[in-house]
Amino acid sequence: MALDAGRDRARPTALRLALCLAGAAGLCGTKARSLAGPGPAEFWIYFTVQSNLLLIAVFAVLLVRTRRSADADEALVAPVKGAATLYIVITGTVFNLLLANPASPFYQEQKESHYLWDSVLLHLVTPVAAVLDWLLFGPRGTLRPRHAVVWLAYPLGYLAFALIRGTLVTGGTRYPYPFLDVGAFGYARVAVNCVFLAAAFLLLGLGLVAVDRRLTPRGAAAAVTVGP
C-alpha cells in the first residue's frame, strides 16, 4: 500500500516539476531576449509572462502538497488551480490561433520569434502540461459555473490595464497585443475585440468546469454539496 501511494504521488510530481522547470526556463530565455529589445521593464506587461509566473507559483505549491499528500483542502485548491490552468490555456490559445496563425487578422509577421525555444515552452509546453495535469489529477468535484465567472476578473483586469497603459506611454510597446492596438484599429474595433475575447475566455472557463464535472466519479460527485 505504501508503495502504491508513493507511485500515485510520483506521477503528478513528475509532471508538475517538469511544468515548473519548463515555465522557468522559458521565462528566463524570454527575459534574456527582452534585454536586447525596447526595454526589460516591458517584459512584465505581457499576459504570457504573467500567466506563466502564476502557473509556476500555483504548481510549486501543488508540488509541496503532492509530496505531503495533503488533500483536505481540495475545495480551495481546485478553484485556484482552475484559474491558473484557464489563464495558461488563454495564453496558448491566443498565441497559436491569433498571433502565430497566418490566417488570423492579428498575425504578427515576426516569424523568426514565434517558435524559438523559449516561446515554445511558454506557449505550447506549459499550456499542454497544465491541461494534462487537469485531466489526469484533478482535484475533482468542487467546481461550479460561478467559478468560471470569477476567473474572468483577472483577464478582464488585464485588458483594462493594457488599454489604459497604452494611452499613457509614448515610447516602446504601447499595446502588448495587436488586437488591443487602439491606434491601428480604433476604440470601437478594440471594444468589439475585447467583448469577443471575454466571451471566449468565459467559454474556456466553463469548459474546464464541465471537464471537471464529467471526470468526477459519480459517488464523489454525490458527496459534494450541490451548487449553481
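Val 131 is partly exposed, with a relative accessible area of 31%; here buried means under 20% relative accessible area, exposed over 50%, and partly exposed in between (1.4 Å probe, protein chains only). Val 131 lies in helix 5, where helices are DSSP runs (H or I) of at least four residues, numbered from the N terminus. The model is predicted: local features need pLDDT of at least 70, side-chain atom pairs count only at pLDDT 80 or more, and totals for chains, interfaces and linings use all residues. Residues are numbered from 1 along each chain as its sequence is written, and side-chain values use heavy atoms, without hydrogens and water.

Helix 5 covers residues 117–137 and gives the most to a nonpolar patch, with 5 residues. This surface patch, of about 490 Å², is made by Val 128, Val 131, Leu 132, Leu 135, Leu 136 and Leu 215. The buried residues of helix 5 include Leu 121, Leu 122, Ala 129, Ala 130 and Trp 134. Asp 118, His 123 and Asp 133 are also among the buried residues of this helix.

Helix 5 has a kink of about 30° at Val 125, shortly before the proline Pro 127; the bend at a residue is the angle between axes fitted to the seven residues ending there and the seven starting there. After helix 5 comes Gly 138, which has a positive phi, near 65°.

A search of the whole structure finds 0 disulfides, a disulfide being a pair of cysteine sulfur atoms within 2.5 Å. Cys 28 counts as exposed because its relative accessibility is 55%, and Cys 194 counts as buried because its relative accessibility is 13%.

Methods: Patch = residues over 30% accessible without salt bridge, like charges linked within 9 Å, V, L, I, M, F, W, Y side chains within 5 Å. Areas by Shrake-Rupley, 256 points an atom, 1.4 Å probe, with all protein chains shown as cover. Salt bridge = Lys/Arg side-chain N within 4 Å of Asp/Glu carboxyl O. Helix = DSSP H or I, 4+ residues; strand = E, 2+ residues; numbered from the N terminus.
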